[in-house]
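Good morning, and thank you for coming.

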Amino acid sequence: MLTDQQLSKFKKQLEEMKKETEKDMNQYVKEQDTSSSDYEGELSSVSDHPGDLGTVQHEREKDQTLYEQSKEKLMDINDALQRIEDGTFGRSEKSGEPIPIERLEAMPTARLKVEEVEEERR
């Protein structure tokens with residue numbers, strides 16, 4: 001069982017992760033808005049080299065992928081914070097057994113023990 005001090009430490013760490021992830025998401029949105037408005041300012045794309053158009057498309061897709069990954073990470077962080085509030089943080093959602101502190105330190109959003117994750121992959 002985790003002590004109040006350990007829970008407090010994890011809560012602080014998760015809140016910092018949340019703040020950073022939200023900042024990243026806002027940055028992706030700003031970059032999307034900027035690149036979109038810069039490109040749309042062109043009167044014609046005829047003078048643009050096809051490679052440039054491909055680069056713009058690639059960058060947009062990359063930004064969208066990073067945004068989606070950040071969105072999923074934020075959901076995991078919020079779920080972990082909720083588990084702290086509910087008193088279930090640090091316990092496997094599958095078996096109910098304690099998740100080792102080393103795993104939580106490496107991945108505070110962990111829902112399962114390593115062995116259980118490996119079982120699901122088989």
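Among contacts in the chain between residues at least 6 apart in sequence, what percentage join residues at least 24 apart? The value is 61%. Please keep in mind throughout that this is a predicted model.

Let me turn to the overall architecture. The chain contains four helices and zero strands. Read from the N terminus, its elements therefore follow the order α-α-α-α. Of the 122 residues in the chain, 21% are buried. The accessible surface of the chain amounts to about 8,800 Å², and carbon and sulfur atoms account for 49% of that surface.

I now come to the aromatic rings. A pair of aromatic rings is described by the distance of the centres and the angle of the planes. How many aromatic pairs does a search of the whole structure find? The search finds one. Its members are Phe10 and Phe89, with ring centres 5.4 Å apart and planes at 50°. Planes under 30 degrees apart would count as stacked and those over 60 as edge-to-face, so at 50° this pair is tilted.

Where do the two residues lie in the chain? Phe10 belongs to helix α1, which covers residues 4–40. Phe89 is found in the loop between α2 (50–86) and α3 (101–106). The two are 79 residues apart, and the pair thus links distant parts of the chain. Both Phe10 and Phe89 are buried.

Finally, Phe10 has a further neighbour to consider. The charged end of Lys9 sits over the ring of Phe10, at 5.5 Å from the ring centre.

Thank you for your attention.

Note on methods: Residues numbered from 1 in each chain as written. Predicted model: local features only at pLDDT ≥ 70, side-chain atom pairs only at ≥ 80, totals over all residues. Heavy atoms only, no water. Phe/Tyr/Trp six-rings, centres within 6.5 Å; stacked < 30°, edge-to-face > 60°. Buried < 20%, exposed > 50% of the residue type's maximum accessible area, 1.4 Å probe, protein only. Lys NZ or Arg CZ within 6 Å of the ring centre and 35° of its normal. Contact = heavy atoms within 4.5 Å. Areas by Shrake-Rupley, 256 points an atom, 1.4 Å probe, with all protein chains shown as cover.
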